[in-house]
Amino acid sequence: MTVTAPPQAAGPAASVASAAALPAADVLQELGVTADSGLSSAEVALRQARWGPNAVSSHRARLWLVLWHQLRSPLLGLLLTAAVASYFVGERSDAVIIGVIVALSVGLGFVNEYRAEKAAESLHDQIRHETVVLRDAALGNVDVTALVPGDLVQLRLGDIVAADIRLLAVTGLGCDESVLTGESLPVDKSTDAVAAGAPLAELSGCALMGTVVSAGSGRGVVVATGARAEFGKIAAGLSTHQLDTEFQAGLRKFSMLLVYVAGALTISIFVINVALHKPVMDALLFSLAIAVGITPQLLPAVVSSSLAAGSRRMSRRKVLVKRLVCIEDLGNVDVLFTDKTGTLTQGRIDYTRSVPADAADEPGAVLRWGLLCTENASAGGPAVGGNPLDQALWRSPAAAAERAALDGCTRLGVLPFDHERNMASVLVRDQAGVLTLVTKGAPETVLSRCLNVPGAARDALAEEFAAGNRVVAVATRPTATARAPMLEDEHDLRLAGLLVFLDPPKQDAAAALRRLAALGIAVKVVTGDNPAVAVKVCHDLGLGEGSSMTGAGVAALDDAALATAITSTTVFARVSPQDKARIVRVQRRSGGGVAFLGDGVNDALALHAADVGISVDSATDVAKDAADVILLEKDLGVLADGVAEGRRIFANTIKYVLMGTSSNFGNMFSAAGASLFLSFLPMLPSQILLNNLLYDSSQLAIPTDNVDEEQLRRPSHWDIGFIRHFMTFFGPLSSVFDFVTFGVMLWVFHAGAGEFRSGWFVESLATQTLVIFAIRTRRIPFFRSHPSLPLTLAALGVVAVGSVLPATPLARTLGFSPLPVAFFAALAGMVVGYLALVEAGKRIFYRTAQLTPPPRRHFSATRQLRRRGARFSTAADQFTVPSAPMKTRRRASP
C-alpha cells in the first residue's frame, strides 16, 4: 500500500467533530456548497484532485509484493547464500546452475500467482458500490469512492454511509454504529448541533462513514472522506492482508508441519554428511536442497491457479466471489439458510386483488389507500424506489385504473417501514382537505392495532395464507393534526382490507434443491413472511419434511434447545434480524460450514455471522457489503455450481499436498539413508532442485483434473493429522523403490557417482510424478477414474524430459552420465511395482484412516470492520492520509 500526500489543489475539507458542533447552514457555508444544487462537476473535479478517492485501501495487484511472496522463504535464502559462497570458493558451475534453477522455480510461481492476483483485482472491479448524490442540481448514482467533501448525499434504509456526513434533514433516521463504537443499539439522528468536543458516540447530528442506516431516511453534506473520516482512520491502520478463511488457516498449519519435517531432515542429513568427512560446503548445499525439495514450493501457485480458474468458471455462471479463497469455503458448506422470495419463488411479485374488510366496501378503496401508503419517490407517479410490494402494486393494471382517483391527494409525511414494526404509515390530505393516517404492513402487526376486526376478514386472511399468497393489510384512522406521523399515532386503526400478491414457486427450484441435497447440503428457509405461506411453498417444492418455527418460538429456546430444534426444522418464519443471526451462530457452533443467502438490511447480521455470506446484485448495500459471494441471478442452481466448484478445487489442492508430501518425504528419507553408506552425495544439490522444478511444473496442471463424484458429495476440510499419517504411510513405500534403485545401480550396473545420480534422478522423478494417477482417486485409476488430458500429458512429458536429460549435451553440465538401455527396462518394472504397491496401500490406508471433525472457527474482533473497509477500496496505488481540517469559504461554481 502506497500512501502519499495529496496533490495541492483548491478544495474544502472539515472534520466531522467540528461540523457536528456547527449549525447545518454554517457547515454548508464552510464547505462552499448550496443545499438546492450541490456541487458542480467542475468543482467536484477540483476537489477529487486535491483530496483523492474516498478510499482507505487499494486492491490493485502489486507485482513487487507478489515477487516478494516467492522470495521470502528462509530456506530459499539460505540456499542462495550457500550457493554464492560456493561460487567464491571455486564451485562456480554448481552455484550458477543452482541460481538458474531457483530463478526458474521462482519465476514459475510468480507468473501463476500474479495472474491470480490480477483475477482477484478484476473481480473486485466488477462489484460496484454506489450512493445517491445531488450534483449540478440533479440526483444521480455515484460510486462511493468518487465522493468529495461538500457532496450532498441521500440516505435510505439499508445504506452504508459512504463518508462522514453532517445531516441536513432526517425522517425517523437511525444508524447502527456498532462497527465504530461497539454499541449494539441503533442511534437516533437529528439535525441539531451538539456541544463542542462531544465524543464520537454522541454525534447525533452526523452520520458516520461505515455505519448502517437501520431506520428512516435522511440527507446530508459530506465533511470528510477516505482516511480522514473516523472509520477511515481506524480501517487505514489495519493490516490490508485479506481475512483468513478456514482453507488459509489449514494451509498455514500444513506449512508449519513441513517446516518441522524439513528442519529435522536438513539437520540430520547435514550432520551425517559432515560426520562421514564429506566437504562441508557440499554437505550444506545438499542438505538445504533436500529441505527445498521436501517443500511444495508451487503450492501457492497451484492453489492460486485453481482459485483463479474457478472464479472465471463461476463468473461465467453469474457468480462473483469477493475474494478468491471464498470459493474454498463455499465448498465446505453443509447447511444453507435462505430467504424464500426470489430463491424458491420467482421473485417477481404480482398484485392480484383487494379484499375489503367489510363486504359492503368497494375493493378499489383498499387499493387506493395502499397506493397512497408507499415510500416511492412520488406517491402519484410511477414506481420509483419503495419495496418490491410497493413496486408490484404500482405497476399493476388495477393501479393504472385508479390513478385518476388519486389526483388531488397529497402525502404530507411518512413514517418509514422498519423491521421491528413491520409496517409503514403516511399522512394523506384528500381533495376536500380531510386528513387521514394510512398504515400498511404485515397483517399480524396491523390487525393488532385495529379496533373491531371483522371475523370474515380474519377468515379471508387465513384462506390467503393457506393458498401460499403474500398478504399486506391496510388500515386507516382520521386525524386532525397536519404533521409527519409518529410511532404513537399507529393505534385505534380501522382495517380497510387486504392486498393480495402472488409470488409462485420457481419452476427450476425443485431441481436445484435436489442438487443441493445430492451435495449433502440441508436447506432451511428463514423468512419474515407468514409461516403458513412459507410452509406451503416449501411443500410444493418437496422441501416439506421438517417442521416450522416462528420468531417467538426461537426466542423461547436457549441455545442448546435451539441447536436441537434446528436439525428438525425446515422453516423459520416471522423472525427478526437478531433471530436470524442467532440461528446461524448456534448452527455454526454445532460444527460444519454454514451459508446464509439474503438480500435485505435485516439479513446483514446473519450474513456476517455465517461462514459464507451470499447475496445478490440487486440487494441492499448492507447485504452486499456483508456477503462474501454475489449472485448475479438469485438462483439456487448457480449456488450449487459454486459449492461443487469449491469442493472440486479443494479436492485438487489436496491431491497435490498428499502427493508432494508423501513422495518428497520418501525421496528425502532415501537421501538421508543413502548418505550413510555412499562415499559420495547420492544426488547433487543442483540435481535435487532440477528434479523438484520438473516435478512441480507437471503439477501445475492439477487444477484441470477431474474429480470423482463421491468427493463432491460432502464437504472436505484440512486435517493435518490425516496428512501426516498419509505422509508417513506412503513415504516409506516410495523409499522402498529408491533403495531398490540404489541396489540396481550399485550391484547390477556397477555405477559410478555420475551414473548413480542419473539413475536415481530419473527413477525418483518418474515415481513421484506418476504416483499422481494413483493418489488422485480412491478408485482404480484409468479404469474407474479418468485424469484430465492436460494432467496426463504434463506428467508423461516431464518423465520423458527427465529420462532423456542424461543423454543430452546438458548432461555434463548438470553432472549426469548416460544410462544403459537395460536401466529403462528395470525402471519400467520399478514404476509398475511402485504404483501397484501404492494401490494396495490405498486399500489398507483408507480402511483404517480416521478423519477428525473440523474445528469450530472463531472470527476476529476486527472481521466486520475489515470486511466493510474493503468497500472503500480503489484500484489506484495512492490515496490520501489524514490531515488537519481546512476551512474554506469558497463557493461552488454555479
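**Walking through the fold, ring by ring**

Phe 742 has a relative accessibility of 2%, so it counts as buried (under 20% relative accessible area with a 1.4 Å probe, protein chains only; over 50% is exposed, and in between is partly exposed). What you're looking at is a predicted model, in which local features need pLDDT of at least 70 and side-chain atom pairs count only at pLDDT 80 or more, while totals for chains, interfaces and linings use all residues. Residues are numbered from 1 along each chain as its sequence is written, and side-chain values use heavy atoms, with hydrogens and water left out.

Let's stay with the aromatic rings for a moment. A search of the whole structure turns up 19 aromatic pairs (Phe, Tyr or six-membered Trp rings with centres within 6.5 Å; planes under 30 degrees apart are stacked, over 60 edge-to-face, the rest tilted). Phe 677 belongs to helix α25 (residues 636-677) and Phe 742 to helix α27 (residues 720-748), so their pairing ties together parts 65 residues apart in sequence. (Helices, H or I with at least four residues, and strands, E with at least two, are DSSP runs numbered from the N terminus.) Phe 677, at 46% relative accessibility, is partly exposed.

Further along you'll find Phe 722 and Phe 726, whose ring centres sit 6.4 Å apart with planes at 40 degrees, so this pair is tilted. Both residues lie in α27, 4 residues apart, which is about one turn of the helix, and both are buried. There's also an aromatic cluster made up of Phe 677, Phe 680, Phe 739, Phe 742, Phe 756 and Trp 760.

As for α27 itself, its 29 residues reach 41 Å from first C-alpha to last, close to the expected 42 Å (1.5 Å times one less than the number of residues). Just past the end of α27, His 750 takes a positive phi of about 50 degrees.

Now for the strands. An open sheet of 8 strands runs in the order β10-β23-β22-β21-β11-β18-β20-β19, with mixed pairing (two strands pair if DSSP finds at least two bridges between them). At its edges stand β10 (319-321) and β19 (547-550), each with a single partner, so one side of each has no neighbour in the sheet. From one strand to the next, the twist averages 20 degrees (axes are lines fitted to C-alpha atoms, for helices over the stretch in contact; angles run from 0 to 180 degrees between N-to-C directions). Inside the sheet, β22 (residues 612-616) and β23 (residues 629-631) run parallel, joined by 3 bridges; Ser 615 has Ile 630 in β23 as its bridge partner.

Helix α21 (residues 559-568) touches β11 (333-338), β18 (522-527), β19 and β20 (569-573), at about 110 degrees to β20 (contact means heavy atoms within 4.5 Å). Helix α22 (residues 577-589) lies across β11, β18, β20 and β21 (593-597), running at about 160 degrees to β21.

Elsewhere, β13 (residues 410-418) and β14 (residues 423-429) pair in the antiparallel sense over 6 bridges, with Val 414 facing its bridge partner Val 426 in β14. The two strands form a hairpin with 4 residues between them, and Asn 422 in the turn has a positive phi of about 60 degrees.

Stepping back, the chain holds 33 helices and 25 strands, and 56% of its 894 residues count as buried.
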